[in-house]
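User: Could you show me how to read helix packing and pockets in a structure?

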Amino acid sequence: MDWSFRNDQPIYSQLIQRLTEAIVSGVYAPGEKLPSVREIAAREGVNPNTAQRALSSLEDAGLVITERTSGRFVTEDTTGIERIRWDTAKELIADFKRHMAEIGFSSEKLAVLLEQTEGENTKS
C-alpha cells in the first residue's frame, strides 16, 4: 500500500483509517493475518508504538483479534466488518459533502454533479 501521511491529524489515527479501509474493502480478508507491529512500523516509517496504538484501536473496534503466539488477525465477524464498512462510507460521504459545500455546492447541485459524472464513468 502506498500510504502518505498528512499533517492535519495524528499518524496513528491515519493508520487506523487506512487499515480499517483495507479491512472493509477486502485487502485483508476475514481471518487473514495482519503484518506485525514491527513490519507496519518499518514499512511506514513510524515508531512501533504508533503502529501498536493503531492496531490496539482496531482491536478495540472489533476489527482485529490477537492470538497470543500467532499475531493479529482480521476478525471473522463479517457482520461487524459490514457494519464498519457502512459507518466508514457514511463518514467519507459526510466529509465529501462538507468539502463540496466549502466550494459552493448545495446538496441539490451535488446531486446533479454526481448524476452527470456517473453517466461519464459508465461510458469508459
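Predicted model: local features only at pLDDT ≥ 70, side-chain atom pairs only at ≥ 80, totals over all residues.

User: Let's begin with α2 and α3. At what angle do they pack?

Analyst: For any helix pair, look at the angle between the axes and the distance separating them. Here α2, which spans residues 37-44, packs on α3 at an angle of about 120°, and the two axes are 8 Å apart. That angle makes α2 oblique to α3, because the range for roughly perpendicular ends at 115 degrees. The crossing of this pair is right-handed.

User: Which residues make the contact of α2 with α3?

Analyst: From α2 come Val37, Ile40 and Ala41, and from α3 come Pro48, Ala51, Gln52 and Leu55. By type, this contact has 6 nonpolar residues, 1 polar and no charged.

User: And how do α1 and α3 pack, at what angle and how far apart?

Analyst: Their axes lie 9 Å apart, at an angle of about 50°. α1 and α3 are therefore oblique to each other. Their crossing is right-handed. On the α1 side the contact uses Ile11, Tyr12, Leu15, Ile16, Leu19 and Thr20, while α3 brings Thr50, Ala51, Arg53, Ala54, Leu55, Ser57 and Leu58. These residues divide into 9 nonpolar, 3 polar and 1 charged.

User: Is the crossing of α1 and α4 left-handed or right-handed?

Analyst: The crossing of α1 and α4 is left-handed. In this pair, the contact residues of α1 are Thr20, Glu21, Ile23 and Val24, and those of α4 are Ile81, Ile84, Arg85, Thr88 and Leu92. The split by type is 5 nonpolar, 2 polar and 2 charged. As for the geometry, the axes come within 9 Å and cross at roughly 125°, which makes α1 oblique to α4.

User: Which residues lie nearest the centre of the largest pocket?

Analyst: Of the 17 residues that line the largest pocket, Gln17, Glu21, Thr88, Glu91 and Leu92 lie nearest its centre. The lining divides into 6 nonpolar, 6 polar and 5 charged residues.

User: Which helix gives the most to that lining?

Analyst: That is α4, with 7 residues. α1 (11-24), α3 (48-60) and α4 (78-102) each supply at least two lining residues.

Conventions:
Residues numbered from 1 in each chain as written. Heavy atoms only, no water. 1 Å grid on protein atoms, 1.4 Å probe; cavity = no way out; pocket = protein on both sides within 12 Å on 5 of 7 lines; lining within 4 Å. Helix = DSSP H or I, 4+ residues; strand = E, 2+ residues; numbered from the N terminus. Nonpolar A, V, L, I, M, F, W, Y, C, P; charged D, E, K, R; others polar. Axes fitted to C-alpha atoms, helices over the stretch in contact; angles between N-to-C directions. Parallel < 35°, antiparallel > 145°, perpendicular 65-115°, else oblique. Left-handed = near helix turned anticlockwise from the far one by under 90°. Contact = heavy atoms within 4.5 Å.
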